[in-house]
Amino acid sequence: MTTRRKTPEELRSHRWYGVDDMRSFGHRSRTAQMGFHRSDYAGKPVIAIVNTWSDINPCHTHFRQRAEEVKRGVWQAGGFPVEMPAMSLSEPFQKPTTMLYRNLLAMETEELLRSYPVDGCVLMGGCDKTTPALVMGALSMNLPAIFMPAGPMLRGDFRGQYLGSGSDTWKYWAELRAGNITQEDWRGVEEGIARAPGHCMTMGTASTMTSAAEAMGLTLPGAASIPAADSRHAQMATLTGKRIVDMVWEDLKVRDIVDARAVDNAVTAVLALGGSTNAIVHLIALARRAAVPLDLARFDALARRTPVLANIRPSGKFLMEDFFYAGGLRGLLARLPDLLDASAATVNGRTLGENLAGAAVWNDEVIRPRDNPVVAADGLAVLTGNLAPRGAVIKPPAMEARLQRHTGPAVVFASYDDMAARIDDPDLPVTADSVIVLQGAGPQGAPGMPEWGQLPIPKKLLKEGVRDMVRISDARMSGTSYGACVLHVAPESHVGGPLALVRDGDLISLDVPARRLELNVDAAELERRRAAWKPPAPRFERGFGALYLTHVTQADQGCDFDFLEDGAPTPDPEIH
């Protein structure tokens, strides 16, 4: 990490503003047109505030105000803030899935930073795919960058019971389908489950990925755990704006921070949190942008040694608001000194170890001590076998333990529509021992690998009291989801992976401790099925969808575009 400070003439923005020619005249005069005097920006770092606010993103509804608080910090530190709206990936609303557009936001972020007079950036995000997208784009551009997490919403409430977004949606939906609660009850859950700005307050993908960004060194210490509605969140936004100005003068770039140590620290944090399975796809993509090797095997190796200490739904009992009061991510990481690389750099110029000094846990039930973990290891598990030659993932703490070793006959659905049409048919030949299989839900098949992986349990089984069974797909599932759901099967069925060859009645064996997923069908029979298989027609013929289908990689490779992975940043544009 360099200690020499840049001079004003070395700022990237100097090429736009500081040169005495006609083009710079145009830049300065147009900046004056917007009401800024030359003294507002001359010789100062220009800071892009990449804001993913929109009217249809409830997770970021407070970002209009937070952007102003970031600007306040930038001004106070002697920088020139420029707010730049970017695509808002709203998990609840965008269809077929925000995952289809993660790479588009990453591209937009990279190109915004490259094409404008920007010296450093504040990345404002939180809703699931937004965090990895912003960081991926910043890594590819490689300017000084700091992440400002949106923060979780406050706890939900229903008749005196705390509600967790997502997790309790699935729980009460199952009870409604089983006939155990009324429509009036269901309406009460709807009205109380999301009552404040911020992203999901369970350990879903949003909290998982913002925590991963902090563990990776990309936020101010403690930033990811602060609830969005807490006044300390606004203070953090201003401090973030102040810090990015110094990062520019110090020339502390994002790739100076995101190295192999940082990536391992992020994976370890995700595992100790009982984090979302989605983190596997996102962190692999992110690491590849930074030229850091990360694969499924590394995730599994770290999972075998990392205890789950965060007692947060869906794997545990509490919510992110409780986690913050209990000591937050700093408190949890302070309990893992032997599993983290304390020498890793962070955005505030200190090491991770220095930032964790003095961190404490105030509630051992919410953040468990090492001798009383939620589970001793295996917050996530990577499976391989003839049904998933390149891997699949499962979240053991979120499933019924009895299903960790299970063999049952397949009940196969060729598509989501097929499943929706038949899953509750009273004549469906399914029992609690069956293995429900969904095909056509992967990166290309769906397209976009939606969060369909928590496949519904048939209504007739719900009425019998069944609340978990083995389910397999090439889809993802929400980090707020739970159950014995095998996900991310690679290669996906749409490109001819073995999942495409499964038929009703085939016996499938799941063995989580042994990390195996096997289709118990004779090899010769599988070859006959393979010879008869025909590739489905492309889902898109034009536009971004066609680009996506041509270049998206499989789940085990991060679902990035092949042309956006590791490589030297594209040179800055010529200014003519």
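A pocket, as the word is used here, is an open set of grid points with protein on both sides within 12 Å along at least five of seven lines, on a 1 Å grid over the protein atoms alone, and its volume is the space filled by probe spheres set on the points. The model is predicted, and what follows should be read with that in mind.

**Pocket and cavities**

The second largest pocket has a volume of about 350 Å³. Its lining consists of 19 residues, and those nearest its centre are Pro221, Gly222, Ala223, Ile226 and Phe324; helix H10 (231-250) and helix H16 are the elements that give two or more residues to this lining.

The residues that line the largest cavity are Glu214, Gly217, Thr219, Pro221, Arg330, Leu333, Thr346, Leu352, Asn355 and Leu356. Two helices, H16 (328-333) and H17 (352-356), each supply at least two residues of that lining, and H17 gives the most, with three residues.

Pro221 is placed in the loop between H9 and H10, and it counts as partly exposed because its relative accessibility is 34%. Leaving aside neighbours within four places in sequence, Pro221 is in contact with Glu214, Arg330, Asn348 and Asn355. The C-alpha atoms of Pro221 and Arg330 are separated by 7.2 Å, although the two residues are 109 residues apart along the chain.

How many of the 11 residues of H9 are buried? The count is 11 of 11, so H9 is largely enclosed by the rest of the structure.

Thr202 lies in the loop between helix H8 (183-192) and helix H9 (205-215). Thr202 counts as buried because its relative accessible area is 0%, the cut-off for this class being under 20%. A polar atom of the Thr202 side chain lies 3.1 Å from the backbone oxygen of Ser165. Not counting residues up to four places away in sequence, Thr202 touches Gly164, Ser165, Ser167, Ser207, Ile312, Arg313, Leu319, Met320 and Thr480.

Glu110 is found in helix H5 (residues 102-115) and counts as buried because its relative accessibility is 7%. The side chain of Glu110 makes a polar contact of 2.9 Å with the side chain of Arg114. Residues three or four places apart in an α-helix point the same way, because such a helix has 3.6 residues a turn. Setting aside residues up to four places away in sequence, Glu110 touches Gly137, Ser140, Met141, Arg289, Leu564 and Thr570.

**Strand pairing**

Four strands form an open sheet in the order E2-E1-E3-E4, with parallel pairing. Strand E2 (80-85) and strand E4 (145-149) are the edge strands, each pairing on one side only, and the twist averages 20° from one strand to the next. Helix H6 (residues 130-141) packs on the sheet, touching strand E1 (46-51), E3 and E4, and its direction makes about 165° with that of E3.

Elsewhere, strand E13 pairs with E9 and with E14, in both cases through antiparallel bridges. E13 and E14 form a hairpin with four residues between them, and Arg515 in the turn has a positive phi of about 60°.

| Strand pair | Bridges | Direction | Opposite residues |
|---|---|---|---|
| E3 (residues 120-125) and E4 | Five | parallel | Gly125 and Pro149 |
| E9 (residues 405-413) and E13 (residues 507-511) | Five | antiparallel | Arg405 and Asp511 |
| E13 and E14 (residues 516-519) | Four | antiparallel | Leu510 and Leu517 |

Strands of a sheet pair through backbone hydrogen bonds, either parallel or antiparallel.

Note on methods. Residues are numbered from 1 along each chain as its sequence is written. This is a predicted model: local features need pLDDT of at least 70, side-chain atom pairs count only at pLDDT 80 or more; totals for chains, interfaces and linings use all residues. Side-chain values use heavy atoms; hydrogens and water are left out. Buried means under 20% relative accessible area, exposed over 50%, partly exposed in between (1.4 Å probe, protein chains only). A polar contact is a pair of N or O atoms within 3.5 Å; within protein, one must be able to donate a hydrogen and the other to accept it, and residues adjacent in sequence count only if both atoms are side-chain atoms. Contact means heavy atoms within 4.5 Å. Two strands pair if DSSP finds at least two bridges between them. Axes are lines fitted to C-alpha atoms, for helices over the stretch in contact, and angles run from 0 to 180 degrees between N-to-C directions. On a 1 Å grid over the protein atoms alone, a cavity is a set of points where a 1.4 Å probe fits but cannot get out, and a pocket is an open set with protein on both sides within 12 Å along at least five of seven lines; lining residues have an atom within 4 Å of a point.
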